[in-house]
Amino acid sequence: MTSALRGASRHRPTWIWCLGVAAFVVIWFAVYGQLAPFSEGAVGLFPLAKGSHAYEAVKFFLYDTPKVLMLLTLVVFGMGVIRSFFSPERTRALLAGRAEGVGNIAAAVLGIFTPFCSCSAVPLFVGFVSAGVPLGVTFSFLIAAPMINEVALGLLFALLGWKVALTYLAFGLGVAIVSGWIIGRLKLEGWLEDWVRNLRAGQADLPANRLTAVDRIKAGIEAVKEIVGKVWLWIIAGIAAGAFIHGYVPSELLVSIMGRDTWWSVPAAVLIGIPMYSNAAGIIPVVEALLGKGAALGTVLAFMMSVIALSVPEMVILRKVLTLKLIAVFVAVVASGILAVGFLFNFVFA
Amino acid sequence: MKTVKVLGPGCKRCEATVQMVRDEAARLGIDVNVEKVTDYAAIAGYGIASTPGIVIDGKVVHAGGLPKEEDLAVWLNA
């Protein structure tokens, strides 16, 4: 962007921005309504027999790809605007000195809305703990922030409906709250790396950032550029894998492995999920296809939570501040929580 | 001469912030000495919880995400 352009956009009036957002939303809904006929028509362009495996797989891919990308854009934009009202510093001020219990709940909920990137996980962890946020409360935040994000919720809503999305939200919060509370009760402050334990820092007195409505809209657009720009390839890969499962994998096979009656499938899903590293974008289209083939929802949700919430790269980053013992406790507690969610879910929704 | 410290473990945004500070200072004709602070303990010592952070002459003015250019100009002129 040239500086002249930049100067012009700085002074563009608020109403133009608001009008632009409104026009975008209207066009979005108009296009979205046409996706089903579009995929029907587009799949007809391929020389495939209707009802064949390849036909079903291609149709799944052609319908899901634009649908998911469009929904994701809308959700990420909305969340980007909402997140401009939050910051880690403000969240920390709300959590510092708060009692366990209430603190864990507040931390998990704030984890959804506070802007968080894994590259800043260590400064955040140290910043929280050194300013007097209890260790267990910090963990509740750290578990909820990556697991319950707008990409996961948006995609679940898009592909599996609001019931599954809300269930994921509720159980994800549950895991974050209870796991953090347990870690707090275990009194493991001594298992932090020494330099973290000994650090006592205050909270910086930042000048209030006065964001205008236009700044918040820009924050939403930035979020779309950054997040959708980063995850679109994952999504397409995930949908391609999902399309393959949808078209080719026989239901009987999946039901026997991931069905409700297979008791060991939940622990297996959690164990397989820990070393696997993907983001929500890549995993959810696969989840959709698995469910369509008769896999049990609890098993699939447990797998998804395990893949997203427990990742090896994140543990490597956290090793800078946590001793190995503490990381092991963290993994064990969260994995048990996810296991419980999987079993409970399969039991309740049987 | 102003001393500007950019706090951050060396992520892409931290580098971008360093460049923004240099560019804005050059545009305004302000003499600055830009330092990168990458040590986690040192970063936490400034009392921030998100990076990149900006400290100008010992005062924390920004934490988390890229700064706005308008704000940078205000901070550098202060």
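**Notes on a predicted two-chain model**

1. Let's start with chain B: among its contacts with a separation of 6 or more, 66% are between residues 24 or more positions apart. Two residues are in contact here if their C-beta atoms, placed from the backbone, lie within 7 Å.

2. Some housekeeping before going on. This is a predicted model, in which local features need pLDDT of at least 70 and side-chain atom pairs count only at pLDDT 80 or more, while totals for chains, interfaces and linings use all residues. Residues are numbered from 1 along each chain as its sequence is written, and chains are lettered from A and ligands numbered from 1 in the order in which they are written.

3. Back to chain B, which has three helices and four strands, arranged along the sequence as β-α-β-α-β-β-α. (Helices, H or I and at least four residues, and strands, E and at least two, are DSSP runs numbered from the N terminus.) Its radius of gyration is 11 Å, close to the 12 Å that the globule rule gives for 78 residues, so chain B is as compact as a globular protein of that length. That radius is taken over C-alpha atoms, and the rule is 2.2 Å times the number of residues to the power 0.38.

4. The C-alpha trace of chain B spans about 35 × 25 × 15 Å along its principal axes. Of its 78 residues, 40% count as buried, meaning that 20 or more other C-beta atoms, placed from the backbone, lie within 10 Å of the residue's own.

5. How many residues of each chain meet at the interface? Chain A brings 24 residues and chain B 17. On the chain A side, α5 (88–95) and α7 (121–130) are the elements that give two or more residues, and α7(A) gives the most, with seven.

6. Now for a helix in chain A. α6(A), residues 102–113, has twelve residues and reaches 17 Å from its first C-alpha to its last, close to the 16 Å expected at 1.5 Å a residue (1.5 Å times one less than the number of residues). Its buried residues include Gly103(A), Ala107(A) and Leu110(A). Among the elements covering them are α5, α8 (135–147) and α10 (162–185) of chain A.

7. Finally, confidence. Chain A has a mean pLDDT (the predictor's confidence in each residue, from 0 to 100) of 86, and 95% of its residues reach 70 or more. Over residues 1–8 of chain A, pLDDT stays under 50, and the model has one contact beyond four places in sequence for them.

Key: A residue is buried if 20 or more other C-beta atoms lie within 10 Å of its own, exposed if 12 or fewer, and partly exposed in between; C-beta atoms are placed from the backbone.
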